[in-house]
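Welcome! Take a moment to look over the sequence and the 3D structure, and then let us walk through what can be seen there.

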Amino acid sequence: MVAEEIGTTLSQHIIKTQKNFPQASGRFTRIFNELATCGKIISSYVRRAGIIDIAGKRGTTNIQGEEQAKLDVIAHNIFVNRILETGLVAGVLSEESDDIIEAEEEYSRNANYIIATDPLDGSSNIDVNVSVGTVFSLLRRKSPTGERCSKDDFLQPGSKQIAAGYILYGSSTIFTYASGDGVFCFTLDPTVGEYLLSHSKLRIAEEGNIYSVNEGNRKFWDQGDQQLLDYFQGNHKDNDEPYTGRYIGSLVTDVHRNLLKGGIYLYPRTTKNGKKDHGKLRLLYEANPLAFIIEQAGGVATDGQRRILDIMPQDIHQRVPLYIGSKREVDLAGKFTKVS
Ligand code: AHG
Ligand code: MN
Ligand code: MN
């Protein structure tokens with residue numbers, strides 16, 4: 001980071017970068033301000049997760065007589081309501097809702113963006129105080145502004161993303177985003193309530209020595225994936241030097257660590273009871289936004305063979321195998337998965 005960048009807030013940064021686009025209308029800036037606010041609010045809930053749990057145990061209903069919501073539902077509601085009320089986003093696709101959620105007509109007249117989100121990624125880790133995050137992918141809608149948006153608007157390859165990012169609720173809250181001009185991280189300074197620039201034009205190491213995967217699934221993997229693991233563990237004819245294994249089980253946190261330290265995260269497909277699946281992770285709101293960020297940091301993201309950002313989605317909740325991180329390790333994964 002150069003000296004004049006120190007102390008730059010997220011909103012200052014977005015305004016400054018938007019000035020480089022003569023056609024920019026200020027909409028992008030307003031959406032980002034709202035995303036930043038969502039992050040602050042969800043962060044404050046996450047920080048009080050233990051207290052919310054205690055309150056939940058007193059009874060199963062809250063003050064309105066509704067069932068006590070889990071944090072991923074709370075995060076979903078905060079995100080969806082606030083984003084749609086900007087009047088700039090015609091619809092949101094969320095992990096927590098089977099269908100897309102359209103903006104009310106009064107809000108959607110001028111809305112030409114759509115957002116796909118995993119409102120709380122890694123939420124099973126909440127109970128044990130492990131980092132989680134909100135992931136988002138910003139696209140332009142395909143259908144004309146003013147009309148109702150539909151699932152079809154979301155069926156676009158990740159290469160069409162206008163911007164993508166995540167807000168990580170870790171030992172600090174970090175807002176990371178990319179919109180075509182590199183990757184930037186802003187750390188929330190709780191004393192001033194602002195996100196301050198902490199990493200500018202972040203680059204991922206070309207090769208790393210960390211692999212992150214749920215090894216418990218090994219027996220369900222294709223042979224190539226099993227051999228890849230042997231390689232990373234130094235049990236392969238081409239490599240006897242083990243990598244470091246690091247698996248948090250919260251995709252956004254695992255990818256963030258590897259972005260800073262180099263390495264690969266993988267979630268391969270599995271075969272259970274003779275049925276091959278597509279792994280666990282969702283293309284539109286997990287793989288695509290993280291692939292967009294990692295590519296802009298100089299890394300690579302594939303499903304083993306294809307570039308993630310080139311995959312044409314068929315379904316809004318479609319799953320995809322994911323290999324993401326440093327170029328050397330992801331390219332290597334491609335060689336192993338090819339033979340399976
Ligand atoms: P979510 O909490 O949004 O459902 O996502 C959980 C995902 C991802 O964050 C993580 O990397 C992966 O599930 C972990 O899966 P395993 O428990 O199978 O390793
Ligand atoms: Mn998730
Ligand atoms: Mn989730």
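Is glutamate 286 buried or exposed? With a relative accessibility of 5%, glutamate 286 counts as buried, because the cut-off for buried is under 20%. Keep in mind that this is a predicted model.

- The model has an open sheet of 8 strands, arranged in the order 2-1-3-4-5-6-7-8, with mixed pairing.
- Strand 2 (101–102) and strand 8 (194–199) are the edges: each has a single partner strand, so one side of each has no neighbour in the sheet.
- For an antiparallel example, look at strand 5 (residues 163–169) and strand 6 (residues 173–178), which are joined over 6 bridges.
- Within this pair, leucine 168 has isoleucine 174 of strand 6 opposite it.

**Helices lying across the sheet**

- Helix 2 (residues 27–47) lies across several strands, including strand 1 (89–94), strand 3 (113–121) and strand 8, and runs at about 20 degrees to strand 5.
- Helix 9 (residues 283–296) also lies across several strands, among them strand 1, strand 4 and strand 7, but runs at about 100 degrees to strand 5.

**The manganese ion (ligand 2)**

- Its protein donors are Asp118 (OD), Asp121 (OD) and Glu286 (OE), at 1.8 to 2.2 Å from the ion.
- Aspartate 121 belongs to strand 3 and glutamate 286 to helix 9, so this pair ties together parts that are 165 residues apart in sequence.
- Aspartate 121 counts as buried, at 5% relative accessibility.

**The manganese ion (ligand 3)**

- Glu95 (OE), Asp118 (OD) and Leu120 (O) coordinate this ion, at 2.0 to 2.3 Å.
- Glutamate 95 sits in the loop between strand 1 and strand 2, while aspartate 118 is in strand 3, so to speak a link between distant parts of the chain, 23 residues apart.
- Glutamate 95 is partly exposed, with a relative accessible area of 27%, whereas aspartate 118 is buried, at 0%.

Key: Residues numbered from 1 in each chain as written. Chains lettered and ligands numbered in written order. Predicted model: local features only at pLDDT ≥ 70, side-chain atom pairs only at ≥ 80, totals over all residues. Heavy atoms only, no water. Pairing = 2+ DSSP bridges. Helix = DSSP H or I, 4+ residues; strand = E, 2+ residues; numbered from the N terminus. Contact = heavy atoms within 4.5 Å. Axes fitted to C-alpha atoms, helices over the stretch in contact; angles between N-to-C directions. Donors = N, O, S within 2.8 Å, 3.2 Å for Na, K, Ca; no water. Buried < 20%, exposed > 50% of the residue type's maximum accessible area, 1.4 Å probe, protein only.
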